[in-house]
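Here's a quick briefing to read alongside the structure. Take a look at it first, then work through the points by topic.

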Amino acid sequence: MTQTTTPKKKLFLRSWGCQMNVYDSHRMADVLAPLGYAPVDAPEAADMVILNTCHIREKATEKLFSELGRLRVMKDARRAEGADMLLAVAGCVAQAEGAEITARAPYVDLVLGPQSYHKLPELVARISRAAGAVVDTEFPTEEKFDHLPEASAPQGVTAFLTIQEGCDKFCAFCVVPYTRGAEYSRAPEAVLAEARRLVAQGAREITLLGQNVNAYHGQDATGAEWGLARLLAALAEIPGLLRLRYTTSHPRDMDDALIAAHRDIPAVMPFLHLPIQSGSDRVLAAMNRGHTAEDYLRLVDRLREARPDLALSTDIIAGHPGETEADHQATLRLIERVGFAQAFSFKYSPRPGTPAAGAAGHVDEATKDRRLQEIQSLLRDQQAAFNASKAGQVVEVLFTGPGRHPGQLSGRTPWLQPVHAVAGLELVGTVQPLRIRAGHPNSLSGELVQPPNQEQHAA
């Protein structure tokens, strides 16, 4: 008797914004897999399209509706062929603007917030019974991670793992507390179990994710509370897990134990993303950041004392409401004082419902443009100088996969710099010493300094 297989349904997922959104998209694909959905690379013939949105970037809502307009044409074409395309909007824009989405784009079938993606199978079933769009943007009391399948698609040599969500800081410019809710930390046992599964699937480097990841305070089965330092120490004991990173951190949550972890745990990489946003105390107060520029500089000094080779990246906002030229110059001075290896910088753009959006003293676009260009010019010079400083050094590189050219592999230094070298595919997933030949503005090139050390293959 011939056994037939059910044709797979095609799922197209597009993510904007932070790595947590990328992680969420992976887990949405995992949740939908039992329903027969398999990911595809293009939306045209997809049975379901999910746009996983981010409200942090400028003009996020306008970009969403522009994309929805293109997808409506595809949805209509599918319908004309007797097929259908379920169209879903997920993530932070969905959470913040669900009513506007259903009003302006009534052809959208599903709107769901970041706390609801574990309910996707139920919501997809409800679509077939609903007369209009299904909207789920509540902050449920149950912990969404408890409802996710343990099985997940492999992420590769480098993997992301969400350990904390939400934010209690309420920075004046930020929508995260309104779209992701209050701070919540996963139980350490659950984090460790997921990390072991990722390593078993081939992950050798794991980046822990959270809106305020260093505010992690998970409770274990005995009721004891773990901080991020204790969690990192436990993760470092997992056989085959070679490297650990975490992002994004808030300066107010860098405690003594976490600073010591950078000194004492070899698996914790010497690279830290630590947003400052502004170098002006007046602007930092208006942002409700809860620290001064001097607080930040003292923290940087303590971190570098604990780990002298530590490299820093940061976030900078140009033109926050009320920012003067003197404030801008203070930001440039702070950047010069710290010396960043990488950075993300943006013009301020209002987010509806945030305190800054209604504040006085909005900076005109031309001034914001000019200030941003000055900030980015300085940051580019610092990144190029940091990369150039590695030329001639022998650096431990984790090979992550094929490069762009035949016979070439790509990898990462401990400082998250991309590296390209001639090497065989058998070295993917291993850490090898490379002599850096040249530092380029955005990457490095190197060569193996000895025959491949096969003992560094993870078990």
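Let's start with T248, which sits in the loop between β13 (243-247) and α8. The peptide bond leading from T247 into T248 is cis, with omega near 5°. Keep in mind as you read that this is a predicted model.

**How confident is the model?**

- Averaged over the chain, pLDDT comes to 88, and 90% of the residues reach 70 or more.
- One stretch to treat with care is residues 1-6, where pLDDT stays under 50. The model gives residues 1-6 0 contacts beyond four places in sequence.

- Most peptide bonds are trans, and most residues other than glycine have a negative phi. That's the background for the cis bond from T247 to T248, and for the next two residues.
- F170 isn't a glycine, yet its phi is positive, near 55°. You'll find F170 in the loop between β8 (164-165) and α5 (176-179). Its relative accessibility is 39%, so F170 counts as partly exposed.
- N288 is another non-glycine residue with a positive phi, this time about 65°. Look for N288 in the loop between α9 (281-287) and α10 (293-306). N288 counts as partly exposed because its relative accessibility is 39%.

**Helix α7 against helix α8**

- How do you describe two packed helices? You give the angle between their axes and the distance between the axes.
- For α7 (residues 228-235) and α8 (residues 256-264), the angle is about 30° and the axes are 8 Å apart. Angles under 35 degrees count as roughly parallel, so α7 and α8 are roughly parallel to each other.
- On the α7 side, the contact involves L228, A229 and L232. They meet A257, L258 and A261 of α8.
- Sorted by class, the residues of the contact of α7 with α8 are 6 nonpolar, no polar and no charged.

**Helix α10 against helix α11**

- The axes of α10 and α11 (residues 325-338) cross at roughly 10° and come within 11 Å. That makes α10 and α11 roughly parallel to each other too, because of their crossing angle.
- From α10, the contact uses A293, Y296, L297, V300, D301 and R304. From α11, the partners are L334, R337 and V338.
- Which classes turn up in the contact of α10 with α11? There are 6 nonpolar, no polar and 3 charged residues.

- S185 belongs to strand β9 (residues 184-185). Is S185 buried or exposed? At 9% relative accessibility, S185 counts as buried.
- A polar atom of the S185 side chain lies 2.9 Å from the backbone nitrogen of H217.
- Leaving aside residues up to four places away in sequence, S185 touches I163, Q164, A215, Y216, H217 and G218.

**E426, out in a loop**

- Where is E426? It's in the loop between β19 (418-422) and β20 (431-439).
- E426 has 47% relative accessibility, so it counts as partly exposed.
- Between E426 and F399 there's a separation of 27 residues in sequence, and their C-alpha atoms are 9.7 Å apart in space.

Conventions. Residues are numbered from 1 along each chain as its sequence is written. This is a predicted model: local features need pLDDT of at least 70, side-chain atom pairs count only at pLDDT 80 or more; totals for chains, interfaces and linings use all residues. Side-chain values use heavy atoms; hydrogens and water are left out. Axes are lines fitted to C-alpha atoms, for helices over the stretch in contact, and angles run from 0 to 180 degrees between N-to-C directions. Helices (H or I, at least four residues) and strands (E, at least two) are DSSP runs, numbered from the N terminus. Angles under 35 degrees count as roughly parallel, over 145 as roughly antiparallel, 65 to 115 as roughly perpendicular and the rest as oblique. Contact means heavy atoms within 4.5 Å. Ala, Val, Leu, Ile, Met, Phe, Trp, Tyr, Cys and Pro count as nonpolar, Asp, Glu, Lys and Arg as charged, and the others, Gly among them, as polar. pLDDT is the predictor's confidence in each residue, from 0 to 100. Buried means under 20% relative accessible area, exposed over 50%, partly exposed in between (1.4 Å probe, protein chains only). A polar contact is a pair of N or O atoms within 3.5 Å; within protein, one must be able to donate a hydrogen and the other to accept it, and residues adjacent in sequence count only if both atoms are side-chain atoms.
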